[in-house]
Amino acid sequence: MLRSPFRSTVKIEKYTCGTGDRFAHQGRAQLQAILKARAAGIDVHPVWNKSNREHSIIKSKPDDVRAEADSAVAALGWKGAYYVDADHIGLKTVDAFIPASDFFTLDVADFTGKAAEAEAVEAFLKAVSRYTGSLSIPDIDRPFDLTEKTVRGAAGKFLLAVQEAGRIYRHVEGKKGRDNFVTEVSVDETDAPQNPVELFLILAMIAEERIPIQTIAPKFTGRFNKGVDYVGDLVQFEKEFDEDLSVIAFAIREFGLADTLKLSVHSGSDKFSIYPIINRLIKKHNAGLHVKTAGTTWLEEVIGLAESGGEGLALVKEIYAQAHGHYAELAAPYSTVIDIDSGKLPDPKSVMGWSSAQYANALRHVESSPHYNPHFRQLLHVGFKVAAGMGKRFTDALEANEEIVGRNVTENLFDRHLQPIFR
Ligand SMILES: [Zn+2]
């Protein structure tokens, strides 16, 4: 045991789904998918998440997300728990989110790889000294060789970052009061993935920092590109995800962390090839899971507008043409999470001649369809900035075509995400 055990009284539900919604128009359609899931026996709860980066591009405010969530919940009579997530915040950005949010994703990736004070490193080494040597974790078939060098290496990469998470956590706690919010720590936007031993040591650091963590978002092996399927070694992913779940169960017992602590998968939408693996493993370990699916709803809005024909179709053709024209600028901030071959992007002039079905089929994420074009899809994924620039013209089109857009949003979330992940 490190220090005396502590537990938060906040108990996040076992299965939660982060339903980011760039333009804050699909709260009801998203909640409808959650209701369909519950009718199908899947006990999943919604978390509306939006990052500071998205707010600044769209020019929205955290209060807008709260208003959207509350109004969807009231309209559909949702009785369960739900949350509003201040996604990927740091000390510099968190204040604007505090009144509206009850879930905070502390993003400390920028602090990884930087050295903490020598004294803190020594204290951490001492705190985990009982684990050094051959470390056996229940359900993992081989012991890990946890040397002092490994611990120092992990401290060098993560200790300063976890200390920063502690500072953010205490700042939020000071304003909201203990046990009034869910805390997630995210290190997913780092260069290298974290292996299960590193995850174990990160959780030890979090326990030492006394952060009552509920969800942890590591960077997993493989590529989690925006809006498209997982790219990587499925066997390796399965092995590490399996071990990560064993590590979490072990860390809960050893460090006195909340027994509801669970993994959070970021950029979790559209990762169809790993959903069966994730589903199998969370059932095997009887583990909880949080999945964030931010951008996929925006693409369903585009699909719905394409299907609506007429002005809606004309509008999304215009969005594509503009996105194509600003390709480099739109893609740059996402360079590590998209893989677009510009040679495979359709010419905007020919897209102008497309029918509703041609546009929707090129965009809709159905891998088996010969019409599906992942390059077209990824460009539109980052192209929400173009729609944001259209302002009311775009949101008016969403409102005019609410039914067809909402149907696509609900079906995508329920059929292609909630069912395969949680059922
Ligand atoms: Zn993330």
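Modeller: Let me start with a term: a residue is called buried at under 20% relative accessible area, exposed at over 50% and partly exposed in between, using a 1.4 Å probe and protein chains only. This is a predicted model, in which local features need pLDDT of at least 70 and side-chain atom pairs count only at pLDDT 80 or more, while totals for chains, interfaces and linings use all residues. Residues are numbered from 1 along each chain as its sequence is written, and side-chain values use heavy atoms, with hydrogens and water left out.

Biologist: OK, which residues of α14 are buried?
Modeller: In α14 the buried ones are His375, Phe376, Arg377, Gln378, Leu379, Leu380, His381 and Val382. With 8 of its 9 residues buried, α14 (residues 374-382) is largely enclosed by the rest of the structure. The names come from DSSP runs numbered from the N terminus, where a helix is H or I with at least four residues and a strand is E with at least two.

Biologist: And what covers those buried residues of α14?
Modeller: The cover includes α9, α10 (310-325), α11 (327-331), α13 (356-363) and α15 (384-390), judged by contact, which means heavy atoms within 4.5 Å.

Biologist: Tell me about α9, then; how far does it reach from its first C-alpha to its last?
Modeller: Helix α9 spans residues 296-308, 13 residues in all, and reaches 18 Å, close to the 18 Å expected at 1.5 Å a residue; that expected span is 1.5 Å times one less than the number of residues. Of the 13 residues of α9, 11 are buried, so the helix is largely enclosed by the rest of the structure. Among the buried ones are Trp298, Glu300, Glu301 and Ile303. Just after α9 comes Gly309, with a positive phi of about 70°.

Biologist: Switching to the metal, which residues coordinate the zinc ion?
Modeller: The zinc ion is coordinated by His88 through NE2, Asp188 through OD and His266 through ND1, at 2.0 to 2.3 Å. Donors are N, O and S atoms within 2.8 Å of the metal (3.2 Å for Na, K and Ca), and since water is not among the atoms, sites may look incomplete. Along the chain the donors follow the spacing H-x99-D-x77-H. His88 lies in strand β3 (residues 83-89) and Asp188 in the loop between β7 (182-186) and α6 (196-208), so this pair ties together parts that are 100 residues apart in sequence.

Biologist: Are His88 and Asp188 buried or exposed?
Modeller: Both His88 and Asp188 are buried. Asp87 is also found in strand β3 and counts as buried at 6% relative accessibility. Not counting residues up to four places away in sequence, Asp87 touches Asn49, Lys50, Ser51, Asn52, Thr105, His266 and Lys292.

Biologist: What volume does the largest pocket have?
Modeller: The largest pocket has about 720 Å³. Of the 37 residues lining this largest pocket, Arg53, Asp87, His88, Asp107 and Glu189 are the closest to its centre. On a 1 Å grid over the protein atoms alone, a pocket is an open set of points where a 1.4 Å probe fits, with protein on both sides within 12 Å along at least five of seven lines, and lining residues have an atom within 4 Å of a point.

Biologist: And which residues lie nearest the centre of the second largest pocket?
Modeller: Asp188, Glu189, Lys219, Thr336 and Val337 do, out of the 22 residues that line the second largest pocket.

Biologist: Last one: where does Asp139 lie, and what is its phi?
Modeller: Asp139 lies in the loop between β5 (133-135) and β6 (144-146), with a phi near 80°, a positive value in a residue other than glycine. At 66% relative accessibility, Asp139 counts as exposed. Arg210, in the loop between α6 and β8 (215-217), also has a positive phi, near 60°, and is partly exposed with a relative accessible area of 34%.

Terms used: Grid points are joined across faces, edges and corners, and a volume is the space filled by probe spheres set on the points.
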